[in-house]
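Please look over the structure below. A short report follows.

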Amino acid sequence: MFGTLSSKVRPALLQIQMLSGPPWKHKLQVRACAARPATLQLLEDCLVLNHGGTPMRFNYVWLRDHCRSASSYNSSTNQRNLDTGSIDLNIRPDSTNVQDGHLVLTWPGGHVSKYSLNWLAENSYEGRKQSSVQPRILWNSDIYKHANIPSAKWDTFMSSDEELKRFLQNYLLYGIAFVDGVPATVEATEAVTQRVSLIRETTFGRMWCFTSDFSRGDSAYSQVALDRHTDTSYFQEPCGIQVFHCLKHEGTGGRTLLVDGFYAAEKVRQQSPENFELLARVPIRHEYIEKTDSHRNHMTGIGPVLDVYPWNNELYLIRYNNYDRSVINTIPHDLVQRWYVAHRELTTELQRPENELWVKLTPGTVIFIDNWRVMHGRESFTGLRQLCGCYLTRDDVLSSARCFGLQA
């Protein structure tokens with residue numbers, strides 16, 4: 001699990017000593033009881049806060065822009081009142097002081113800004129660089145099975161916020177979560193998904209229910225085995241959550257394959273950082289082309305196989321779909337072979353048997369899959385197999401989690 005690593009200044013009684021020096025070279029010593037001293041240094045282009053051994057730089061325009069006074073910020077709506085374009089790009093504070101764990105700046109014209117030292121440490125670039133946006137537990141089959149993650153129960157899940165919170169925590173950590181005891185109907189499946197997020201309507205509809213009738217121009221509407229993949233890689237923003245509910249299966253086979261794509265990608269990062277970097281940098285095109293009597297679609301999405309946050313290099317999205325990957329024509333010749341080598345290493349990790357979690361979906365069990373992280377597939381099957389499901393909006397799932405106080 002990748003936990004948050006953030007510098008924090010504990011509230012304490014502070015003793016301040018201003019050291020003499022030339023303009024913009026002032027240094028403040030902030031001594032806290034039972035805490036290491038924090039220091040502030042005013043340079044020509046920024047203010048430097050040193051706390052816990054980590055110097056954090058704050059641009060002066062940034063400080064004025066992030067003022068939380070009533071005239072600059074509406075605390076009721078959590079929106080900025082200040083017109084950022086009105087700030088003098090050469091602004092400097094006239095005076096600097098630390099009072100009761102807060103940095104107090106007085107700007108030209110007399111405006112006063114007050115910032116908690118805790119808040120500054122938590123919102124510094126240096127702090128964010130050391131922190132994960134979303135804590136996760138990466139897994140292979142053994143790790144997940146030994147974690148013994150409980151499924152949510154339909155009756156409790158639909159009425160208890162605590163059950164929903166536990167479900168969301170498991171979903172955030174592992175990228176998959178289950179609800180058991182759901183009535184085997186499309187209507188009940190829709191109700192349980194709406195407890196989590198908004199349904200994202202796509203070309204496949206809002207709620208879809210399908211069998212192996214080839215009614216759409218997609219191999220999912222067949223009985224053949226499907227290798228591990230993420231869905232809608234041909235969308236510029238792939239769908240965030242995939243939901244499946246097997247309503248009926250009168251036959252054999254059809255187990256669902258789940259693979260933690262982040263677990264495999266992090267193996268590549270450890271073994272071959274240059275291959276990880278290449279997969280995170282080079283844009284690849286995916287396409288969905290459908291030409292049937294009742295449906296005509298041509299969708300294209302472009303993005304790297306791996307997406308990372310630039311400030312902390314944290315992986316947050318994987319696009320891996322060998323079915324829908326289009327012609328590779330976005331890579332210069334000298335990178336093509338290197339890309340295939342990097343892609344092969346990732347594929348090798350994804351296809352390791354120890355990384356495969358096989359589950360048999362049965363009527364009553366609804367699975368939620370983080371489509372930005374966990375790949376799914378299936379083994380071939382016989383007989384009538386009816387599935388229903390939908391896609392959910394990722395932003396609303398994360399919003400629900402944050403409203404419960406979860407880190408997402």
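## The model and its confidence

This is a predicted model, in which local features need pLDDT of at least 70, side-chain atom pairs count only at pLDDT 80 or more, and totals for chains, interfaces and linings use all residues. Residues are numbered from 1 along each chain as its sequence is written, and side-chain values use heavy atoms, with hydrogens and water left out.

The predictor's confidence in each residue, pLDDT, runs from 0 to 100. Its average over the chain is 88, and 88% of the residues score at least 70. Residues 1-34 stay under 50. The model still has 86 contacts (heavy atoms within 4.5 Å) for them beyond four places in sequence. Where pLDDT is low, the predicted coordinates should not be read in detail.

## The chain as a whole

The chain has 11 helices and 25 strands. These are DSSP runs numbered from the N terminus: helices are H or I, at least four residues, and strands are E, at least two. Of the 408 residues, 50% are buried, meaning under 20% relative accessible area with a 1.4 Å probe, protein chains only. Among contacts between residues at least 6 apart in sequence, 70% join residues at least 24 apart.

## The largest nonpolar core

A nonpolar core is a set of buried Ala, Val, Leu, Ile, Met, Phe, Trp, Tyr and Cys residues joined through side-chain atoms within 4.5 Å. The largest one has 27 residues. Phe157, Phe167, Val179, Val192, Val196, Phe368 and Leu392 touch the most other members. Elements giving two or more residues include α5 (154-157), β12 (176-180) and β23 (366-370). The largest share, 5 residues, comes from α6.

Val192 touches Trp154, Phe157, Met158, Val179, Val182, Val366 and Phe368, leaving out residues up to four places away in sequence.

## Helix α6 and its ends

The buried residues of α6 include Leu164, Phe167, Leu168 and Tyr171. Glu163 and Asn170 are also among them. At the start of α6, a side-chain oxygen of Ser160 comes within 3.3 Å of the backbone nitrogen of Glu162. Gly175 follows the helix, with a positive phi near 85 degrees.

## A buried loop residue

Thr230 lies in the loop between β15 (226-229) and β16. Thr230 is buried, at 2% relative accessible area. Beyond four places in sequence, Thr230 contacts Ile318, Arg319, Tyr320, Asn321, Asn371 and Met375.

Notes:
Polar contact = N/O pair within 3.5 Å; in protein donor to acceptor, adjacent residues only side chain to side chain.
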